[in-house]
Amino acid sequence: CGIFGVLGVQDAANFVALGLHALQHRGQEAGGIVSHDSEQGFNSARRFGYVRDNFTSTDIMQTLPGPLAIGHVRYSTAGSKTAAIRDVQPFFGEFSMGGAAIAHNGNITNANALRRELIERGSIFQSSSDSECIIHLMARSLQRDIPARMEDALRRVEGAFSVVAMTRTKLIGVRDALGVRPLVLGRIGDGWVLSSETCALDIIGAEFVREIEPGEMVVISQETGVESRRPFRQRKSRFCIFEQVYFSRPDSILGGRSVYETRRQIGVELAREAPVEADLVCPVPDSGTPAAIGFAHESGIPYGMGIIRNQYMGRTFIEPTEQIRNMGVRLKLNVNRALIRGKRVILVDDSVVRGTTSRKIKEMILDAGAAEVHFRIASPPTAWPCFYGVDTPQREKLLAANMSEEEMREFLGVDSLKFISLDGLYRAAGEAQGRDNACPQFCDACFSGEYPVEPADMIEKGFKL
Ligand code: 5GP
Ligand code: SF4
Ligand code: MG
């Protein structure tokens, strides 16, 4: 999901709509905005579909006045797949000291247990979303102000959470102790901005100030500026390495490093680790593009656009059902026949998950007359599901959970298949010494099976580590 908040500018909701538009790659199912205005109080609008199709109409935007607003773009992981509008964030709660709205990116790994406990004690849930637990935990806290209630609530929550929240006067941002999901602070005029990624600061002309640190809570008001709190026990950060590979936009900066540069460097590492003689390096657009540029540069093999992407399609894997996803490949990608014919082609993609996309792409390339097809993948084999906010399928559906590399090559029907090593990936992400196996610098559970937070709900459901 993508989260965004603005405090201290006129009609803050307009800025939030623009910010969410720049974060649309993080969730395309639905979006919502809550604003506060001293005369009209809290207002909210939640809609299915793209930001640009909903939050551009003056009819909607006029209902969201005020200098403070937050928003969310949804990509369902926990909660129901066929989302109901009641599952669309931000969620709102009314407390004795006033209202608060929250938007959450990530996944709460003990949500089932919390929900059971809360329902037994009288909470009335409105949605199927794990994030709603935070509101009910806040309602039960005895603290006298809303940020302190949020601290109480978040100390009971396990898993990955970046949160943007608001009261009548305050904008609040929090990252979990491991900092699995991103969150940055920006400045616009006299106002403040919180955003999942820096690319959404750029769109509204806000200046990047700094990242919210893992385990940090910032409470921002016009009068007092940014106040930093530390609600959680200090731990070593474990940022999601898949944000670097795929999830974030390449024009964002993560941990002081350009995402584009990391991805290009993955291609360089891949070319060193798994060279092959060929005539053409092609990305599977858009996610494989920077790595393909790096691969071509390092190997000296010409780069070409052998696959053309229809720009009017979204990200296929974010479409929630398998049927739509299967159609998606053809609707989205087509082969540039004139370029491919007769050539030995290296295809660079970000990941192999189920293998369905990769298999179709290989067929399309061979149909177009390629002499050989070699796959180079910008992440290690995805052998484990993510329980921290990226929607990987169950373990049984992951190709790499069931097959060796050679079996996968055969299944995909390609001349060669190589994945970047975990160490190579870490080097590309700026860790010159590679992965510190005793204490890894990132979360890489979907590749290594080492989960930095025990996925309690899933273990209860029978998942085996
Ligand atoms: P596959 O070959 O596994 O069907 O698809 C791999 C390609 O689709 C990659 O380019 C990846 O970006 C995207 N993809 C498809 N399904 C998923 C998924 O469930 N999770 C993730 N993270 N990526 C996916
Ligand atoms: Fe990111 Fe993978 Fe960890 Fe999920 S399991 S947070 S996708 S690195
Ligand atoms: Mg892709």
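Q: How do strand β20 and strand β21 pair, and over how many bridges?
A: Before that, a note: this is a predicted model, with local features needing pLDDT of at least 70 and side-chain atom pairs pLDDT 80 or more, while totals for chains, interfaces and linings use all residues. Residues count from 1 along each chain as written, chains are lettered from A and ligands numbered from 1 in written order, and side-chain values use heavy atoms, without hydrogens and water. Now, β20 (344–349) and β21 (372–377) pair in the parallel sense over six bridges. Strands here are DSSP E runs of at least two residues, helices are H or I runs of at least four, both numbered from the N terminus, and pairing takes at least two DSSP bridges.

Q: Which residue of β21 is the bridge partner of R344?
A: That's E372.

Q: What's the strand order in the sheet?
A: β17-β20-β21-β22, an open sheet of four strands with parallel pairing.

Q: Why do β17 and β22 each have one side without a neighbour?
A: Because β17 (280–283) and β22 (416–419) stand at the edges, each with a single partner strand.

Q: And which strands does helix α10 touch?
A: α10 (289–299) packs on the sheet and touches β17, β20 and β21 (contact means heavy atoms within 4.5 Å). Its direction makes about 165° with that of β17; axes are lines fitted to C-alpha atoms, for helices over the stretch in contact, and angles run from 0 to 180 degrees between N-to-C directions.

Q: Where does α13 lie?
A: Helix α13 (356–367) lies across β20 and β21, at about 150° to β21.

Q: Switching to ligand 1: how many residues surround it, and which are closest?
A: 16 residues, the closest being D350, V353, R354, T357 and S358; a residue is near if one of its heavy atoms lies within 4 Å. α13 gives the largest share of that shell, three residues.

Q: Last one: what surrounds ligand 2?
A: The residues include R181, F242, Y388 and D444. α8 and α17 (445–448) each supply at least two residues of the shell.
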